[in-house]
Amino acid sequence: PDLITYNTQLDACAKSAPRRGHDAFVQGLSIFAQITSARLEPDLISYNCLLNIASKGAAATGNDKWTTNGLTVLAMMEQGGFEPDACSYNVLIDACARAASVRGSRGRVEEGIHVLTRMQEAGLKADIVSYNSLLNTCAKAAGVWGSVAVSQASRIIEMMASGDVTPDITSFNCLLNAYAQAAVAGQVYPLKDIMDVLQYMKSKGVSPDQF
C-alpha cells in the first residue's frame, strides 16, 4: 500500500467518526502507525484526516475524549514538521458546537475555550471564526442549560473585546439564539436584556437582521 491508500483509509474513518466516536480515532491511530511502519512519511492530508476523525467524533454520544484526541493530533503535526495554523484549531473549536448539539452539554463550551487558549499559547490569534464557533456552541447548549449557556455567551463576547476582535452579525445572532434557546429550557429573560443586546449591536455598527 502507498500513502494514498492509507490516507483513503483515514478518510473512511473520519466519515464513520460521528457514529463511532473514540473507536474511530483509535482505528485512525492504528492506520497512522502502519504508515510509519511501512517507512512512509505522513503528509498534511494524513494529519488533517486524523484531525477530522477527532473533530467529527465529537458528535458521537458518550465520546468525551475528542478534545484530548484533537490536541494530540496537533502535537503530532508539530512533531512531524507541520505547523498547525488557526484553521487547525478552529476545526476543533467548531466541533464543540457539533458536540453540544448531541446533549447540549455546557462543558463543550469550556472545552472550546480550552482549545482557544491553547491556540493563543501557540502564538496564534483567535479570529472571528474562532469566537463565532464558541458562540454557536453556547446557543446549542442553551436549549438544555439555559442561563448558564447565556452567561457563557456573554463572557465570550467580552473575550472578543479583550482579544481585539469585533463581533459581527453572526456573533450577535448566536448570542440572541442563546437567549431564545434558554427560553426553551424554561429560562425566560426580560425584554430589557434583549434590547440591551440590540443596543450593543448598534454601538458596534451592526444592524439587526431576521435571524
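Reply: Start with how elements are named: helices (H or I, at least four residues) and strands (E, at least two) are DSSP runs, numbered from the N terminus. A38 lies in the loop between helix 2 and helix 3. This is a predicted model: local features need pLDDT of at least 70, side-chain atom pairs count only at pLDDT 80 or more, and totals for chains, interfaces and linings use all residues. Residues are numbered from 1 along each chain as its sequence is written, and side-chain values use heavy atoms, leaving out hydrogens and water.

Me: How are two packed helices described?
Reply: By the angle between their axes and the distance between the axes. Axes are lines fitted to C-alpha atoms, for helices over the stretch in contact; angles run from 0 to 180 degrees between N-to-C directions. Helix 2 (residues 22-37) and helix 3 (residues 44-56) cross at roughly 165 degrees, their axes coming within 9 Å.

Me: Which orientation class does that give helix 2 and helix 3?
Reply: Angles under 35 degrees count as roughly parallel, over 145 as roughly antiparallel, 65 to 115 as roughly perpendicular and the rest as oblique. Helix 2 and helix 3 are therefore roughly antiparallel.

Me: At what angle do helix 7 and helix 9 pack?
Reply: Helix 7 (residues 128-145) and helix 9 (residues 169-184) pack at about 10 degrees, axes 7 Å apart. That makes helix 7 roughly parallel to helix 9.
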